[in-house]
Amino acid sequence: MVKEQEQPDGNFPTCPYPNPEIKETMALGMEYAKKCNADLLLATDPDCDRVGIAVKNKAGEHELLTGNQTGMLLLDYICSQRVKHGKMPADPVMVKTSVTMDMGEQIATHYGLRTINVLTGFKFIGEQIGKLEKQGKADSYVFGVEESYGYLTGSYVRDKDGVDGAYMDLRDVQLLCHQGYQPAG
């Protein structure tokens, strides 16, 4: 916990703009991570729809990952684990916004997922989940991603959700780092 940012303050005196995509916003947290020798730093924006992470690189420095980098790591890991444990649905779907990198489609194709590309805005990912439900294919949804630090691993939320993203980042990125995980392809 970053002491200077522990209590809500709408003036945001400790950062230029309260968005975890901005390196300067994460600077104080990265200082704490370095002092604590933390492997991972998580931070959300004030309304908790975006989650940013910084990980310790090989040089021991904390590096802020982009939303695309985090999204691709999560997508690959989720798919690899579903395959490993026999939990991939019959018609798996990944939904991404048009501003999210195309690598997601390559990862999805590798694991047999169909990619649905939608307009910018996480609400369009939620809309696709609703369409899948109406078709009786709610279980087909595997992952949704938008490059602006938005990740959704299930159909229980229909908008960008930093809590789900933080949970996935904390659990899975730590596993990735400690197990020497290498993305497929």
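Two strands are taken to pair if DSSP finds at least two bridges between them. Helices (H or I, at least four residues) and strands (E, at least two) are DSSP runs, numbered from the N terminus. The structure is a predicted model, in which local features need pLDDT of at least 70 and side-chain atom pairs count only at pLDDT 80 or more, while totals for chains, interfaces and linings use all residues. Residues are numbered from 1 along each chain as its sequence is written, and side-chain values use heavy atoms, with hydrogens and water left out.

The description may start with the open sheet. Its 3 strands follow the order S1-S2-S3, with antiparallel pairing. Strand S1 (40-44) and strand S3 (62-64) are the edge strands, each with a single partner strand, so one side of each has no neighbour in the sheet. On average, neighbouring strands of this sheet are turned by 25° against each other, direction ignored. Strand S2 (residues 51-56) runs antiparallel to S1 and is joined to it by 5 bridges. Within S2, Ala54 stands opposite Leu41.

Helix H1 (residues 23-36) lies across S1, S2 and S3 and runs at about 155° to S3. Such angles run from 0 to 180 degrees between N-to-C directions, and the axes are lines fitted to C-alpha atoms, for helices over the stretch in contact; contact means heavy atoms within 4.5 Å.

Lys35 lies over the face of Tyr32, at 5.8 Å from the ring centre. The criterion for a charge over a ring is that NZ of Lys or CZ of Arg is within 6 Å of the ring centre and within 35 degrees of the ring normal.

Strand S4 (93-97) and strand S5 (114-118) pair in the parallel sense over 5 bridges, and Lys96 stands opposite Asn117 in S5. In S4, 5 of the 5 residues are buried, so this strand is largely enclosed by the rest of the structure; buried means under 20% relative accessible area, exposed over 50%, and partly exposed in between (1.4 Å probe, protein chains only). From S4, Val93, Val95 and Thr97 point one way, and Met94 and Lys96 the other way.

Helix H3 (residues 103-110) has Gly104, Ile107 and Ala108 as its buried residues. Viewed down the axis of H3, they fall within an arc of 100°, so they line one face of the helix; the arc is that of the directions from the helix axis to the C-beta atoms. Gln106 and Thr109 are exposed on the other side of H3. The cover over the buried residues of H3 includes helix H2 (67-84), S4 and S5. After H3 comes Gly112, with a positive phi near 85°.
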